[in-house]
Amino acid sequence: MGMSSAEVPQLRVGGLVPLTTIDYPGELAAVVFCQGCAWRCRYCHNSALMDPKADTAIAWAEIINFLERRRGLLDAVVFSGGEPTLQSALPDAMREVRAFGFKVGLHTAGPYPRRLATLLPLLDWVALDIKALPQGYPEVTGVAGSGEGPWRSLRLIQDAGVPLEVRTTLMPNWTPKDLETLAAALARARVRRYAIQACRIQHALDPDLPRPTLQIQELAAFISALPFNDLIVRDD
Ligand code: SF4
């Protein structure tokens, strides 16, 4: 028996930022925070968005109404999270947004490469978290085997030619060598736009995260010679 349209699952949204200039490079964007994530990153500061079963904070229909009124005023809509690709309603939501003429951006940790592959034709820009080398993921996410998907997602996005920013939030106990090893692997994988982000321990899921031993600017100096076109340091 097929589902009636009223039963088609709608995107579950935990929050909306109506206007930002910093979440999609060079564009005025709205950010839709999708509910749910299967990982438990020690530094996650969006823990309210983790529960995939939480009530939706804003009905998708409301988001659509809002976006319809912003046609011509906004350039892009970014789907962030949580982990947007967890939700099967995401492709339809993206199609609706594209039909309004907005560019579509995605912030993802890349855990589901096969789902991501089906989204790529709908995407104008992706920010992909690469949290560690594949073997280093469980230490960050708390989930065994979580490192394979993101690195496969990286190759898929690159092969599709979708504009990409790779991002790493720095674990506070990382040494310059840890960062250098990861960044060198990304440079070898032909990542060209790379952003490192300071870990905000005061909002982190794990209350026992240590204070960072080095300032992010000091760490950035260790990777400044790598062949990135853009190396972005986010210290907020
Ligand atoms: S993948 Fe992102 S949303 Fe999920 S736990 Fe990690 S930091 Fe939080």
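## Helix H5: the buried face

In H5, five residues are buried: Gly 149, Pro 150, Ser 153, Leu 154 and Ile 157. Seen down the helix axis, the buried residues of H5 fall within an arc of 145 degrees, so they line one face of the helix. An α-helix has 3.6 residues a turn, so residues three or four places apart point the same way. This is a predicted model.

What lies against that face? The buried residues of H5 pack against helix H3 (113-119), strand E5 (125-129) and strand E6 (164-169). Turn to the face pointing away from the buried side. There H5 carries the exposed residues Arg 155 and Asp 159.

## Helix H5: length and end

H5 covers residues 148-160. How far apart are its end C-alpha atoms? They are 19 Å apart. At 1.5 Å a residue, the 13 residues of H5 should span 18 Å, which agrees. Just after H5 comes Gly 161, with a positive phi of about 75 degrees.

## Strands E5, E6 and E7

E6 pairs with E5 in the parallel sense, over four bridges. E6 also pairs with strand E7 (residues 193-197), again parallel and over four bridges.

Follow Val 166 in E6. Leu 128 stands opposite Val 166. In E7, the bridge partner of Val 166 is Tyr 194.

How many residues of strand E2 (residues 29-34) are buried? Six of the six are, so E2 is largely enclosed by the rest of the structure.

Val 13 has Cys 34 in E2 as its bridge partner. E2 and E3 pair in the parallel sense over five bridges. Here Val 31 stands opposite Val 78 in E3.

## Helix H2

Which residues of H2 are buried? They are Leu 90, Ala 93, Met 94 and Val 97. These residues cover an arc of only 100 degrees around the axis, which puts them on the same side of H2.

The cover over the buried residues of H2 includes helix H1 (60-69), E3, strand E4 (103-108) and H3. The face turned away from the buried side carries the exposed residues Arg 95 and Ala 99. After H2 comes Gly 101, whose phi is positive, near 95 degrees.

## Around the ligand

Which residues surround the ligand? They are Cys 37, Trp 39, Arg 40, Cys 41, Cys 44, Asn 46, Gly 81, Gly 82, Glu 83 and Ala 109. Sorted by class, this shell has five nonpolar, three polar and two charged residues.

The peptide bond from Gly 81 to Gly 82 is cis, with omega near 10 degrees.

Most residues other than glycine have a negative phi, and most peptide bonds are trans. Arg 190 is not a glycine, yet its phi is positive, about 65 degrees. Where is Arg 190? It lies in the loop between helix H6 (176-188) and E7.

Is Arg 190 buried or exposed? Arg 190 is exposed, because it has 10 other C-beta atoms within 10 Å.

Leu 209 is found in the loop between E7 and helix H7 (216-221). Leu 209 is partly exposed, because 17 other C-beta atoms lie within 10 Å.

What does Leu 209 touch? Not counting residues up to four places away in sequence, Leu 209 touches Arg 42, Tyr 43, Pro 172, Ile 201 and Ala 204. Compare Leu 209 with Cys 199. They are 10 residues apart in sequence and 9.6 Å apart in space, C-alpha to C-alpha.

Note on methods
Residues are numbered from 1 along each chain as its sequence is written. This is a predicted model: local features need pLDDT of at least 70, side-chain atom pairs count only at pLDDT 80 or more; totals for chains, interfaces and linings use all residues. A residue is near a molecule or strand if its C-beta atom, placed from the backbone, lies within 6 Å of it. Ala, Val, Leu, Ile, Met, Phe, Trp, Tyr, Cys and Pro count as nonpolar, Asp, Glu, Lys and Arg as charged, and the others, Gly among them, as polar. Helices (H or I, at least four residues) and strands (E, at least two) are DSSP runs, numbered from the N terminus. The expected span of a helix is 1.5 Å times one less than its number of residues. A residue is buried if 20 or more other C-beta atoms lie within 10 Å of its own, exposed if 12 or fewer, and partly exposed in between; C-beta atoms are placed from the backbone. The arc is that of the directions from the helix axis to the C-beta atoms. Two residues are in contact if their C-beta atoms, placed from the backbone, lie within 7 Å. Two strands pair if DSSP finds at least two bridges between them.
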